[in-house]
Amino acid sequence: GAEVVFSVDCTKLKEYFLPGEREFDRIYFNFPHCGRKAGVVKNRQLLACFFHSCAEVLAEQGEVHVALCNGQGGTPADQPRREWHNSWQIVAVAAGAGFILSDVQPFKAETIPGYKCTGYRSQDKSFCVEGALNHIFTRSTPPPCPTPVSCKTQLGSQKVYFQVPQVLVDKINRGFLDVNSSHPVRTIKEKLSAGLSQAFPLQNISSCLPLLHQGHPHGVCHSSIFWIALSPGEAPSTEGTPQGLANAVWFSRFGQEDTDRNVQEGCPIPKQFYLRPSLVPHAQAIIQTGAFSPGTLHVLSGPVFRQCRITPHSMPVFHELLVVLAVSRGTENSCIQMLVDNIKTTVSSLHQGVPGVKPSISLQEAASFGTELNDFAAFECQLGEIQHFLCVGTDPDPSGCCVGVIRTDPDELKSSELVVVSASLNLDLLAMLLCGISDWRMLWTSDRRFLQQFPEGELRLFKSFSLYPPSYVHDVSFWVPDGEEFDEVAFHTLARRVSGEMVVSIQLRDSFQQPGTGRRSLCYRVTFQSCDRALGCQEAAEMQLRFREDMQQHLGVTLR
């Protein structure tokens, strides 16, 4: 009952089928070849045209199956693996048409009734299919179209609007912690809260915490902050500022010296706003109100924003869980131990539902912490003194990644009887370690296949739906402006913005100082790679060109 069509050009599929017949669930191409002694370049071109043709006739949830002889594909699944330049580079070629490799399976000709491999060099001869692989491709989510986003937030008694930094446009107000969310970040947050409630009276701070802070964060590197300008006409008036911003968060405790100096010199207090880099100031504001109950564990959670360098575990936005407790002076150490034991028990129970992941949890004193601080821990150190680091290790890195910090502040309450104990946890890092997610960007993907792996808030070992994503390496060399320190964080943030988080690595390759003039030149290697969507060679090259142009405009460098 099947219809068989002959002499179909695989590079022009839509020409052979009416519009109503162009919704194929599967398209198979077993052992494509241009014929005779065609080399790898011609066969890549054939595949490129084929994939573009498939995009016009494939159903939205359809699959493209391409069988290749062992070694041709150029992926780590090939054993032995050919050198990249000598392969068909099938994943990169498919990415150019908007497809990602979602699965690779052995091609077993013996399981297909009547199948016969023939056509070796366009002759009626068979060819070797031992070790052949079937590559299964699916559609990628379309590339994002970044448009300016204006966000509304509460600032005291006023509602204000601000322009969201472009690098955060697809990450603002995602609702990962909402009641109806099944995101693993929320699952971990709820499980931790439930576990802590078994040991302490617990109060969730459910009121909407403002996204903006105002003031000057003392001790915090300003290049780590997302500075914000309020939309025109939305800045709060200077008159009655303390009352008008009663519910906003001031860093007055950390930046009082700057404020005092401005007042003494007769200058108006500058109005500077930035996205909250931490929930700690919110906790301090609560402590100073009558709503803070000693002996009760107060729990705050929400996204925080920090400019940082590009690494697999460095996040410009993540979800923080902050717990604060006031205890009797002299009992803080036993309280910390009880808190940590509870977190350990909860995390251990979480990983039991994730086969293949065996985390080890350790509490390390800050004074003897021997591991290099990750970006999360390094920033936390800027916010105040830390007594302990909470680390979670998994194979193959049992030494541990810092996912939390614990502080004690004997002076916060200005009481001789009480001490404030607080613990800050990076929920996104915990989710990555517990679910085997190697790249933080996957937590923020818009591809539905991510959340489908976590039904009803279950934690499972994540299986990537984009295998062996291609990477594209570009170098950039430039002169640094004379007498200026190069801001590497701003450089990385610009790369994030221009590429839409498609840069996975930036490495300094060379630093050179010109004799005589003293001019300094830097050379960086920039690697483009997506973890969840198709990224073709041409698209990566265009990103590199935009990056070079924006570097000159925004960083003041001179390209070489």
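## Basis of the description

Residues are numbered from 1 along each chain as its sequence is written, and side-chain values use heavy atoms, leaving out hydrogens and water. Because the model is predicted, local features need pLDDT of at least 70 and side-chain atom pairs count only at pLDDT 80 or more, while totals for chains, interfaces and linings use all residues.

Helices (H or I, at least four residues) and strands (E, at least two) are DSSP runs numbered from the N terminus.

## Helix H3 and its two partners

Helix H3 (residues 184-197) and helix H9 (residues 427-435) have axes that come within 9 Å and cross at roughly 100°. Axes are lines fitted to C-alpha atoms, for helices over the stretch in contact, and angles run from 0 to 180 degrees between N-to-C directions. H3 and H9 are therefore roughly perpendicular (65 to 115 degrees; under 35 counts as roughly parallel, over 145 as roughly antiparallel and the rest as oblique). In this contact (heavy atoms within 4.5 Å), Pro184, Val185, Ile188, Lys189 and Leu192 of H3 meet Leu427, Asp428, Leu430, Ala431, Leu434 and Cys435 of H9.
These residues comprise nine nonpolar, no polar and two charged; Ala, Val, Leu, Ile, Met, Phe, Trp, Tyr, Cys and Pro count as nonpolar, Asp, Glu, Lys and Arg as charged, and the others, Gly among them, as polar.

The axes of H3 and helix H7 (residues 332-351) also come within 9 Å, crossing at roughly 135°, which makes H3 oblique to H7. On the H3 side, Ile188, Lys191, Leu192, Gly195 and Leu196 take part, facing Leu339, Asn342, Ile343, Thr346, Val347 and Leu350 in H7. Seven residues of the contact of H3 with H7 are nonpolar, three polar and one charged.

## Val220 in a loop

Val220 lies in the loop between strand E8 (212-214) and strand E9 (227-228). Its relative accessibility is 6%, so Val220 counts as buried (under 20% relative accessible area; exposed is over 50% and partly exposed in between, with a 1.4 Å probe and protein chains only). Not counting residues up to four places away in sequence, Val220 touches Ile225, Phe379, Gln382 and Leu383.

## The sheet and its helices

Four strands form an open antiparallel sheet in the order E19-E20-E18-E21, where pairing requires at least two DSSP bridges between two strands. Strand E19 (503-513) and strand E21 (558-559) stand at the edges, each with a single partner strand, so one side of each has no neighbour in the sheet.

Helix H11 (residues 488-499) lies across E18, E19 and E20, at about 140° to E19. Helix H12 (residues 537-555) touches E18, E20 and E21, and its direction makes about 15° with that of E18.
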